[in-house]
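These entries record what I looked up in the structure shown below. I took the helices before the remaining items.

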Amino acid sequence: GAVRAMSVVSGEREAFRLTRTGPEWRDGNLDALRDTFNRQHCVKLHGFLEPQLLHQVHRLVAEADFSEFVHEGIASELLMAAGVCTGVLDFLVNDPRLFEFIRAITACPPIRAFVGRVYRRCPGTDHHDSWHDDLGRQRMIGMSVNLSADRYDGGTFEIRRFGTDTLIASLPNVGPGDAILFRIADGLEHQVTAVGGAVPKTAFAGWFVGHRPDEPSDRVAAVP
């Protein structure tokens, strides 16, 4: 059966969060987060977006345009068009202080950038995800931030070893502004379960990418 991934808060406060005035590293003791990530290859970051910032992001999400998008053989969803919302989110997460925090938890190599998208999956549609590994393009650590304005059903992150049916972890991400970090590596694959109920799931998801000179990165590939 699945091992439930732990949701760890260091002490009584979030360990790290993004705010309207910049990142805040709120707790230097990351042992619990490191231990969870090392055992389960994923970990929850509570309150990754502060409530005031999340409120502003929700307004930008409501004003953004979405269109149907299909990842051939992997998933289908609504994809947010590039604009103010995606630009603000890209700016917030491409910060050396966040990169340092991610490396302190995951021990990944130096991070060059975060490359992500905003997607929405709606219940009662053919929107779906399937098992995949995200390998290539210097992707090292994945992250998904919950941008949903209301609590949704389903849409749970799952991770397992390739070729097995036993889950390493199953991790819901329904808290406002919460984030999940997960490892990208040979032998691991992940998926997000279908969204149920009546509320869609909206998330900002992508990858922290590295500097390996022998392989193109998502950041390079995204530049025309």
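An α-helix has 3.6 residues a turn, so residues three or four places apart point the same way.

I note that this is a predicted model, in which local features need pLDDT of at least 70 and side-chain atom pairs count only at pLDDT 80 or more, while totals for chains, interfaces and linings use all residues. Residues are numbered from 1 along each chain as its sequence is written, and side-chain values use heavy atoms, with hydrogens and water left out.

I took helices (H or I, at least four residues) and strands (E, at least two) as DSSP runs, numbered from the N terminus. After α1 comes His41, with a positive phi near 65°.

I then examined α4, where Leu98, Phe99, Phe101, Ile102, Ile105 and Thr106 are buried. Their arc of only 160° around the axis puts them on the same side of α4. At the start of α4, I found a side-chain oxygen of Asp95 within 2.8 Å of the backbone nitrogen of Arg97.

How do α1 and α4 pack, and at what angle? I read an angle of about 60° between α1 (residues 31-40) and α4 (residues 96-106), with their axes 8 Å apart. Axes are lines fitted to C-alpha atoms, for helices over the stretch in contact, and angles run from 0 to 180 degrees between N-to-C directions. Leu33, Arg34 and Phe37 of α1 meet Phe101, Ala104, Ile105 and Thr106 of α4, contact meaning heavy atoms within 4.5 Å.

I next turned to Thr202, which is in strand β15 (residues 201-209). Thr202 counts as buried because its relative accessibility is 4%. Its side chain makes a polar contact with the side chain of Arg120 at 2.8 Å; such a contact is a pair of N or O atoms within 3.5 Å, and within protein one must be able to donate a hydrogen and the other to accept it, with residues adjacent in sequence counting only if both atoms are side-chain atoms.

For the whole protein, I recorded five helices and 15 strands. Of its 224 residues, 50% count as buried.

Terms used
Buried < 20%, exposed > 50% of the residue type's maximum accessible area, 1.4 Å probe, protein only. Arc of directions from axis to C-beta.
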